[in-house]
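Subject: Structure for you to look at

Hello,

Here is the structure I promised you. Please open it and keep it beside this email while you read.

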Amino acid sequence: MTFLKGRRILLGVTGSIAAYKSAFLTRELVKAGAEVRVIMTRGAMDFITPLTLATLSKNPVLSELIEDRETGVWTNHVDLALWADAMIIAPVSAHSLGKMVTGQSDNLLLLTFLSAKCPVFFAPSMDLDMFKHGSTRENIEKMQSFGHILIPVGKGELASGLEGEGRMAEPEEIVQQIHDYFEARLPLRGKKALVTAGPTYERIDPVRFIGNFSSGKMGYAIAHELAERGAEVTLVSGPTSLKVEHQRIRTIHVESAQDMLKACQQEFSVAEWVIMSAAVADYRPVEQSEQKIKKTDAQPVVHLALNPDILKWMGEHKSPAQTLVGFALETNNALENARKKLKAKNLDLIVLNTLQDDQSGFGYDTNKVTLITADNKTLPLELKTKTEVARDLIDYLQQSAQ
Ligand code: C5P
């Protein structure tokens with residue numbers, strides 16, 4: 001339920017026997033990582049106590065518009081509505097449904113509902129014949145015509161003992177529907193991305209290698225951010241201690257530059273966005289000893305061969321539909337060198353970082369970078385966390401793709 005993590009959810013509860021399910025719904029939402037605030041109508045309190053929902057949501061339950069007439073303390077329904085990423089009204093009784101449709105606003109829940117700019121989901125709950133009534137049908141349709149999202153009722157035994165349609169959807173189904181709604185609207189949904197991260201290790205013998213200090217944090221942050229926005233990500237990762245678990249990230253672990261090249265060549269043609277943040281070793285030992293090289297008094301010599309430049313290969317093979325992003329780590333003439341690299345490797349964008357900035361580069365959680373585009377726009381960013389840099393970079397790619 002990645003969408004719900006960290007999201008702000010307003011749960012409205014009205015007077016229907018299904019209000020007992022709101023406790024489970026609150027729990028499911030909190031379990032999925034959402035921040036939940038509950039608004040109850042007076043009618044709802046006949047079916048479930050505010051104490052239950054306050055405890056489960058870990059927030060005081062709101063119900064009164066004016067909390068204290070003498071001191072003038074009141075709940076600002078407009079702020080409350082603006083706070084929310086989504087509003088769920090579950091259950092919606094026939095009575096509250098009618099009021100919502102006609103714009104009545106004599107309680108905090110209705111006022112907040114009218115103020116909400118976020119998506120509003122509503123889960124009706126009532127007895128069979130009430131549900132079948134023409135006015136209910138019309139009210140549901142009207143709610144939908146206002147742009148609110150219906151969570152359809154279930155079928156089965158009702159509190160009255162009758163069998164049929166009218167019961168509120170189960171809490172798990174409600175959470176799933178909300179999740180699916182937002183997943184389907186993620187901005188990068190369906191986009192395929194290839195990201196490389198980390199160092200490469202070039203073996204000298206079974207226990208020694210040539211490598212570098214890259215931690216992989218930048219590439220992992222990029223992969224994660226892309227996936228959070230809906231992209232299907234293939235992450236080709238050199239050896240790092242990092243782990244990423246996301247349903248839209250497939251990780252291919254590699255060790256050497258040659259392994260990385262092979263994996264990237266296999267994945268390249270289907271990727272629309274390719275972001276190469278790996279610190280690929282430029283050289284590898286010409287020979288790799290099968291056995292551990294013994295220590296002797298003689299000075300050992302390791303002969304090096306040039307590794308394939310993966311990004312250059314991609315620049316030579318990219319189609320007009322592909323966007324290719326490289327990274328440059330420069331210690332002198334940074335801008336000029338980065339621009340040269342962008343041209344030489346036929347990139348659309350290069351992310352420049354210099355080791356001269358404190359707290360920036362290998363191993364740090366922060367990075368200070370400059371984005372440079374093929375049409376020579378330069379965008380220096382402040383020192384930020386690598387997650388924020390990933391966001392800025394992807395924001396930029398998204399804007400350019402529009
Ligand atoms: O030429 P330089 O190594 O500075 O270029 C850095 C960029 O090129 C990075 O995006 C890195 O991932 C990529 N690269 C590569 N294959 C190499 C060396 C660098 O893909 N052998």
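Start at the ligand. One of its nitrogen atoms lies 3.0 Å from a polar backbone atom of Ile310. An oxygen atom of the ligand is 2.9 Å from a polar backbone atom of Leu311. For Phe327, a ligand oxygen and a polar backbone atom are 2.8 Å apart. On its own, the ligand has 450 Å² of accessible area, and the protein covers 87% of that. (Accessible areas come from the Shrake-Rupley method with a 1.4 Å probe.)

A word on the source. This is a predicted model, where local features need pLDDT of at least 70 and side-chain atom pairs count only at pLDDT 80 or more, while totals for chains, interfaces and linings use all residues. Residues are numbered from 1 along each chain as its sequence is written, and side-chain values use heavy atoms, with hydrogens and water left out.

Which residues are around the ligand? They are Met276, Ala278, Val280, Asp282, Pro308, Asp309, Ile310, Leu311, Gly326, Phe327, Lys341 and Lys345. (Near means that a heavy atom of the residue lies within 4 Å.) By class, this shell has seven nonpolar, one polar and four charged residues. Asp, Glu, Lys and Arg count as charged; Ala, Val, Leu, Ile, Met, Phe, Trp, Tyr, Cys and Pro are nonpolar; the others, Gly among them, are polar. Helix 11 (310-317) and strand 18 (323-330) each supply at least two residues of the shell. Helices (H or I, at least four residues) and strands (E, at least two) are DSSP runs, numbered from the N terminus.

Now the whole chain. The domain assignment gives domain 1 (2-183) and domain 2 (192-283 + 303-401). Their bounds come from an automatic or database assignment. The centres of domain 1 and domain 2, taken over C-alpha atoms, are 45 Å apart.

Last, the backbone. Most residues other than glycine have a negative phi, and most peptide bonds are trans. Ala90 and Pro91 are joined by a cis peptide bond, with omega about 0°. Pro91 is in strand 5 (residues 86-92). Asn333 has a positive phi, near 45°. Asn333 is in the loop between strand 18 and helix 12 (334-344). Asn346 also has a positive phi, near 55°. The loop between helix 12 and strand 19 (349-354) holds Asn346.

Best wishes

Technical notes
Polar contact = N/O pair within 3.5 Å; in protein donor to acceptor, adjacent residues only side chain to side chain.
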